[in-house]
Amino acid sequence: MSQREWIEKDFYKELGVSSSASQDEIKKAYRKLARDLHPDANPGDNKAEERFKTVSEAHAVLSDPAKRKEYDDTRKLFAGGGYGRGGFGSAAGGGFSQEFNIGDIFGGGGAGDGGLGDLLGGLFNRGGGTRTSASRPRRGSDVETETTLGFREAAQGVTVPLRMTSPSPCTTCHGSGAKPGTSPRVCPICNGTGVVSRNQGAFGFSEPCDECRGSGSIIDDPCVDCHGSGIQNRTRTITVRIPPGVGDGQRIRLAGQGEAGLRGAPSGDLYVTVHVSQDKVFGRNGDDLTLVLPVSYSELVLGTTVSVPTLEGRVGVKVPPGTADGRTLRVRGRGVPKRGGGAGDLLVTVKVAVPQKLDREAVEALERYQEAERAGGFDPRAGWAGA
C-alpha cells in the first residue's frame, strides 16, 4: 500500500465517529466494535477478523493525541494538493526571490528534526515492494485491552491469561525484516538519510529517496514470512499479574507487550483496563471493605458477638449492648491490601432485621416488653419533630 493510499483511509469512518469526536467517544466506539469483531467472538469469520484489524489500526492512531494530530494535519495537506512530485503547491510559481528548500519541511534534509519526513515515517508503517520496508525503524504503538474480574479476585490479586491478536515481531527474522542470515544495508543513494536533494532552477528540493523509499536502508533478501516489514499479525496468550487492590476502571501498564516495533524497534506497551464485578456481600470504599450485618433487635439491646466474613476467612465482631441501628463497627486490618503494604479496614454496618411473622408466644412476650418499656418511661420519639 502506498503512502497516499494509506493517508486516504478514513479512520474516523472505520470507527463510526466524526472527525471532531472526543477521546472518550473514540474509545467507546472502539470498545464496542472490538467486542463485536474480536476473533474469539467470530471463530472462522475472516471478514470479521479483517475488520477487527482495520478497527484496531484506526484506534491505534486516533487514541493517541499526537498521532491523531499528525494524521489530521497530513490528511489536510494531501487533500489540499499541497505535496506532489513536482513541488509544493504554488511555491514553484510564487516568485520567491530566495531559495525555497522543501528539506525544511521534510525535517532538515532527513536528519530527524521532526519535520514532515519524520511525520510520514511515523505514520506510513506499511511495507511495499520486495527490496525494502517503506519506513524507518519505529517504536510500536501502544495497545489497549480489557478484562473483567470478580470482586474478591480484584481485592486479593490474581493472575489471568489474555488472548490477543495484534502485530508482533516476526518470529522468523526477529523483527529485522531481512531473511535470516542476512542484514539490511545502508542505502548508497542517500547514505542512510532517507532523503535526496536536487536543484530545479532557483529552487532546492529535498524528497524521499526513491531507491530506499525513505527508509535509509535496503533489504536485498527480505524475510519470506513478513515480506520485509519485520511484523506479523498473530494471536498470542500472555499472562498478566493483577496486583491486589486494583479498582474498577483502573488501567495496568505492561511495558513492551504492545504492538511490535517496525524493523527491530522497541515494542509499544499494553494497557489493560480492569472491570470489577459487584459482590453479594462486600462493598468497597477506597482500601476499606464494607458490609451490612443483619441483626435482631435483642442483639442490639443486649449485645452479642457475630461471626462475619472477610477476604481471608471469618472473624468475630463484638456488638456492644445498646448499639443503635445503622451504627458502623470497624475491624482494623481486614480490608483491601494496600500497594505499599498493610490493608484497609472492614466496616460493618448493623441493620435490624424485622421478622415478618411471629408465633403467639413471641407476640405475647413482645407485648409484655412493650408494657414494661412504657412503664419505664422510654419514648423512642421523645424530642423528635418538636414532640
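The following legends describe close-up views of one predicted protein model. In this predicted model, local features require pLDDT of at least 70 and side-chain atom pairs count only at pLDDT 80 or more, whereas totals for chains, interfaces and linings use all residues. Residues are numbered from 1 along each chain as its sequence is written, and side-chain values use heavy atoms, with hydrogens and water left out.

**View 1. The cysteines listed by UniProt as a binding site.**
An unreviewed UniProt entry lists C187, C190, C209 and C212 under "binding site"; UniProt positions are given here in the numbering of this model, feature names are shortened, and annotations may be inferred rather than shown by experiment. These residues are spread over 26 residues of sequence, yet they cluster in space, with a largest C-alpha distance of 9.0 Å. C187 lies in the loop between β5 and β6 (195-200), and C209 is found in the loop between β7 (203-208) and β8. Helices (H or I, at least four residues) and strands (E, at least two) are DSSP runs, numbered from the N terminus. C187 has a relative accessibility of 1% and counts as buried; C209, at 1%, is likewise buried. Buried means under 20% relative accessible area, exposed means over 50%, and partly exposed lies in between (1.4 Å probe, protein chains only). Leaving aside neighbours within four places in sequence, C187 is in contact with G192, C209, E211, C212, G216, S217 and I218, contact meaning heavy atoms within 4.5 Å. On the same terms, the contacts of C209 include C187, I189, C190, G194 and V195.

**View 2. A salt bridge between D220 and R185.**
The side chains of D220 and R185 meet in a salt bridge, at 2.5 Å from N to O. A salt bridge is a side-chain nitrogen of Lys or Arg within 4 Å of a carboxyl oxygen of Asp or Glu. This pair links distant parts of the chain, 35 residues apart: D220 is in the loop between β8 (217-218) and β9 (231-242), and R185 is in strand β5 (residues 185-186). D220 is partly exposed, with a relative accessible area of 46%, and R185 is partly exposed at 33%. Side chains of opposite charge can pair when their charged atoms come close.

**View 3. A salt bridge between R332 and D345.**
In the pair formed by R332 and D345, the closest N and O atoms are 3.4 Å apart. Both residues are in the loop between β16 (328-331) and β17 (346-352), 13 residues apart. R332 is exposed, with a relative accessible area of 66%, whereas D345 is buried, with 11%.

**View 4**
R360 and E364 meet through their side chains in a salt bridge of 3.2 Å, N to O. The two residues are four residues apart in helix α10 (residues 360-375), and are therefore separated by about one helical turn. R360 counts as exposed at 55% relative accessibility, and E364 as partly exposed at 32%. The structure holds 15 salt bridges. Elsewhere, R139, D142, R253 and D269 are linked in a network of salt bridges.

**View 4. The largest nonpolar core.**
The largest nonpolar core has 20 residues, of which F282, L289, L293, V308, V317, L346 and V348 touch the most other members. A nonpolar core is a set of buried Ala, Val, Leu, Ile, Met, Phe, Trp, Tyr and Cys residues joined through side-chain atoms within 4.5 Å. At least two residues of this core are supplied by each of α8 (151-156), β13 (288-295), β14 (304-310), β15 (313-319), β16 and β17. The largest share, four residues, comes from β13. Beyond its neighbours within four places in sequence, F282 is in contact with residues including F151, R152, L289, P309 and L346. Another core, of 18 residues, lies apart from it, with F11, A21, I26 and L62 among its members. In soluble globular proteins, nonpolar side chains tend to be buried together.

Y297, V301, L302, L358, L366 and Y369 make a nonpolar surface patch of about 590 Å². Patches are made of residues with over 30% relative accessible area and no salt bridge; like charges are joined within 9 Å, and nonpolar side chains (Val, Leu, Ile, Met, Phe, Trp, Tyr) within 5 Å. Accessible areas come from the Shrake-Rupley method with a 1.4 Å probe, and for residues only the protein chains shown count as cover. α9 (297-302) and α10 each supply at least two residues of the patch, and the largest share, three residues, comes from α9. L366 is placed in helix α10 and is partly exposed, at 48% relative accessibility.
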